[in-house]
Amino acid sequence: MNTFAYRRMKNRLASFAALACVVLALIPLVYILFMVVKTGAPAISWGFLTNRTVGTGGPGEGIGNAILGTLLLVFYATLMGLPIGLLTGIYVSEYGNNKIGYTVRFFNDLLANFPSIVIGLLAYALVVNFLQFGFSLFAGSVALAIIMIPIVSNTTEEALRMVPNSLREGALALGVPRWRTVLKVILVNGKSGVTTGVLLSVARITGETAPLLLTAFYSSYWSTSLKEPVASLPLTIFRNYNSPSKELLQQAWGAALVLILIVLSINIGVRLFLRKRTGKGKVVKNWKQRLSLRT
Amino acid sequence: MEAKIVTEDLNAHFGDVHAVRGVNLSIPKNRITAIIGPSGCGKSTLIRCMNRMHEVVRGARVTGKVLLDGKNIYGPDIDPVMIRTKVGMVFQKPNPFPTMSIYDNAVAGLRLNGEKDWKILDETAERSLKLAALWDEVKGNLDASGVSISGGQQQRLCIARALAVQPEVLLLDEPCSALDPIATAKIEDLLFDLKSQFTIVIVTHNMQQAARVADFTAFMYLGELIEFGDTKVIFENPVKELTEKYITGRFG
């Protein structure tokens with residue numbers, strides 16, 4: 001066989017194999033989405049979204065308190081986890097070329113791959129027991145924050161490392177102090193990567209179930225207190241799925257659909273918000289205005 | 001001739017590599033000094049010692065003195081950030097900030113350090129872009145991204161950016177090696193215009209460039225300063241045999 005024809009055949013074979021793998025990988029994803037929408041959508045109604053859980057599966061029952069609970073858990077966890085994770089990532093990337101940096105990176109990698117139930121146990125021992133918060137929104141948020149920190153920190157570090165060194169040097173050579181360089185040049189240029197990491201971690205903690213079992217526990221009531229147990233979507237799914245009632249099972253699918261939609265809308269929302277802000281900036285507009293004022 | 005920068009027994013290391021070896025050099029004020037030599041001879045490292053950019057690399061060390069107007073910039077009470085506002089630097093590859101407009105790039109040194117007065121910023125932008133001979137090409141387009149212009153324009157934008165903070169010395173690290181001959185000629189013309197106001201040190205691979213723009217030339221080899229003098233003398237009648245060999249292209 002002549003070499004060229006042989007090469008072309010190899011090329012086609014490789015392309016086909018790659019395509020086949022993509023399709024194979026997409027099958028479960030599409031199937032899950034299809035199943036969740038098909039089974040969950042009929043359960044969704046205004047009442048389903050706004051009423052609280054009773055636990056009987058009767059009419060007029062909903063997952064409103066679980067939606068609120070999940071939003072609160074994610075909000076408080078992000079409030080605690082985001083700054084710590086972000087600053088850790090910045091430190092390791094920009095100042096971490098030393099023993100402390102290597103150590104932090106090592107433990108970050110370790111923590112990022114920890115089973116989440118173990119982190120739940122830790123939060124249970126620390127917040128529920130030792131700090132005597134009991135099963136509570138706060139304990140759940142702490143557990144989720146601990147899960148979030150290494151993810152945010154690792155992706156932030158990677159995103160900042162991708163920023164070319166020439167920009168760092170460019171800013172430093174202008175007599176800009178290190179911290180301002182990091183804040184106004186490095187972070188700005190690595191923003192999309194950092195955002196992706198943050199969104200990834202938010203998506204991850206929104207779906208966490210195991211650590212919440214040991215910390216936030218569960219509630220059938222509307223609860224916003226940091227010291228009270230709180231309902232969450234993943235736990236609602238878990239509980240309903242274990243019940244024999246058909247209605248409750250369908251509610252589980254409905255809750256799953258809502259959970260997916262929440263993660264999706266946070267993701268799209270944040271990206272839209274950031275794109276709006278990073279387009280043609282305010283400064284530039286001012287320049288033209290000022291130019292026209294001057295002349 | 002008044003010296004702007006003087007190095008005394010300057011040694012620079014990267015980890016185990018001894019990149020600059022005992023260099024004693026005196027850079028004349030308001031003149032263009034070229035540093036030539038084969039790749040890896042320590043030219044770039046030498047000028048990076050002159051604004052304390054050498055030490056931002058991990059494992060880098062400097063011993064000896066660099067005197068700026070007679071004052072050692074490696075002295076105990078010296079802030080490197082301060083030094084870098086006095087001794088500006090332009091790099092080999094144009095590196096405008098991609099997230100900033102042309103205008104913002106030109107005044108980046110001011111804005112990043114917290115300057116908010118639009119009058120000052122406008123004046124500085126116009127002045128430095130004019131100094132860098134870029135104003136006429138970009139004045140209608142100041143809100144375009146700093147990386148949307150050509151490579152030669154980007155490099156002049158970087159020069160404008162460096163000039164905006166009103167340095168006394170401008171260090172250029174092979175500023176034309178990524179540019180075509182026309183863009184190179186523009187930058188050389190520009191350097192000629194700038195030398196009345198600034199002391200300029202340019203590292204270059206291109207010997208013709210050194211011969212064209214520099215008043216003085218230093219030849220370095222394997223980290224050592226071999227010869228320093230009037231450009232004409234270095235190129236036409238060098239004292240050291242090594243310099244002559246390099247100039248005539250017999251090695252390097």
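Predicted model: local features only at pLDDT ≥ 70, side-chain atom pairs only at ≥ 80, totals over all residues.

**Notebook: sheet and interface**

Residues are numbered from 1 along each chain as its sequence is written, and chains are lettered from A and ligands numbered from 1 in the order in which they are written.

I then looked up the strands. β3 (residues 32–36) and β9 (residues 216–221) of chain B run parallel and are joined by four bridges. Strands pair if DSSP finds at least two bridges between them. Helices (H or I, at least four residues) and strands (E, at least two) are DSSP runs, numbered from the N terminus.

Next I traced the sheet. It is open, has six strands and mixed pairing, and runs β6-β7-β8-β3-β9-β10 in chain B. β6 (87–90) and β10 (224–230) of chain B are the edges; each has a single partner strand, so one side of each lacks a neighbour in the sheet.

I checked the chain contact last. In chain B, 29 residues are in contact with 23 residues of chain A (C-beta atoms, placed from the backbone, within 7 Å). α2(B) gives the most to the side of chain B that touches chain A, with three residues. By class, I noted 14 nonpolar, eight polar and seven charged residues on that side of chain B. Ala, Val, Leu, Ile, Met, Phe, Trp, Tyr, Cys and Pro count as nonpolar, Asp, Glu, Lys and Arg as charged, and the others, Gly among them, as polar.

Notes: Contact = placed C-beta atoms within 7 Å.
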